[in-house]
Amino acid sequence: MQLFKRIHLIVMDSVGIGEAPDAAEFGDAGSDTLGHIAEAMGGLNVPNMEALGLGNIREIKGVQKVPNPKAYYGKMQEASAGKDTMTGHWEIMGLQVDKPFKVYPDGFPEELIRQLEERTGRKVIGNKPASGTAIIEELGKEHMETGAIIVYTSADPVLQIAAHEEIVPLEELYKICEIARKLTLQPEYLVGRVIARPFTGTPGNFTRTANRHDYAIKPFGRTTMNELKDHGFDVIALGKISDIYNGEGVTEAIRTKNNGDGMDRLVETVKRDFHGLSFLNLVDFDAMYGHRRDPIGYGKALEEFDARLPEVLDLLKEDDLLIITADHGNDPTFKGTDHTREFVPLLVYSKQFKETGTLGLRETFADIAATVAENFKVPAPAYGTSFLSSLK
């Protein structure tokens, strides 16, 4: 088989496919994002992923196992010591994270909050784990009256700062987040991301805007994206991909507002002429439905994504490869609001395939990085085994 000119990689953020063997070590025994969503929905209606082989990976209510799937299929197990967005994505591009980022189930240390208040000139309210929409409903009125910024976290290693765009202008909010990013780079804090969460509206009717911005730690090593960029290939980052990698290895960054907009931008990208990788994260599955523990909303979002897939599939050229996967789980029927330690699905499609079949269990997400590297003949990552030769 000839090598591919373009690889399109879609990460369905948090779409896990059943508990990993070490799930109990993370408090996640019994988690099953796709399985439990399908049960809650009375069966998932995702005919396009079904045709690619989603139901061949494992039994999922409403998703049939097909005799001749259009794609190669399998599942991947995370090797890194974590279950957050950055850890999963970094591993997908060839890094292994052995020291997990810290989480703050009781809020951030008083010393960090004190430094943040001193450096920004604004008081902090909140400082606790919370849903982003719930905390602005709880504290938005006080924020508007006092100008104090709302700081909160989730079960992820993130520090989030919410502010009304008319009270704290976006430019100032972004500067506040940059200050927080520098403070949380100190080894005792080890926060993975700082996220600006602007909102508008009035008490009882607040709405988060699309002006979210993530401030991530720079990856601790070179990824396959760095290799691609340095060897003259395009690396087009869609959605929050550029933020996750702190811009490392990215030749072009395209922001998205939501899953639908992400698919719109992907369609536009597939129509373009480029040579290299397009890399899309669809964040709504995780942020809108997983953390908010909304299995029906999550299921409908999966069905909406599936309905958009033909637009992409029809546009693919003979020398295109499409990879669909996830970065961790986030079972919306599970306890708490945390991510869940799960296998993730792997679907690999090209119009030039003469055969399809199973890719089995991949022991690390980095197998994707290894495959991308082999295809474009750039240095392979330290982790991962390419499955390029298995694609016939």
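Tutor: Happy to; we can start with the ground rules and then go to the annotated site and the sheet. This is a predicted model, where local features need pLDDT of at least 70, side-chain atom pairs count only at pLDDT 80 or more, and totals for chains, interfaces and linings use all residues. Residues are numbered from 1 along each chain as its sequence is written, and side-chain values use heavy atoms, leaving out hydrogens and water.

Student: Which residues does UniProt list as "binding site"?

Tutor: The unreviewed UniProt entry gives Asp286, His291 and His339; such annotations may be inferred rather than shown by experiment. They are spread over 54 residues of sequence, yet cluster in space, with a largest C-alpha distance of 8.5 Å.

Student: Is His339 buried or exposed?

Tutor: His339 is buried, at 1% relative accessibility (buried means under 20% relative accessible area, exposed over 50%, partly exposed in between, with a 1.4 Å probe and protein chains only). His291 is buried too, at 15%.

Student: What does His291 touch?

Tutor: Beyond its neighbours within four places in sequence, His291 contacts Asp156, Asp286, Asn330, Thr337 and His339 (contact means heavy atoms within 4.5 Å).

Student: Switching topic, what's the strand order in the sheet?

Tutor: The open sheet has eight strands with mixed pairing, in the order β10-β9-β11-β1-β12-β13-β2-β14. Strands are DSSP runs (E, at least two residues), numbered from the N terminus, and two of them pair if DSSP finds at least two bridges between them. The edge strands are β10 (252-254) and β14 (358-362).

Student: And how do β12 and β13 run?

Tutor: Antiparallel, joined by three bridges. His339 sits in the loop between β12 and β13.

Notes. Helix = DSSP H or I, 4+ residues; strand = E, 2+ residues; numbered from the N terminus.
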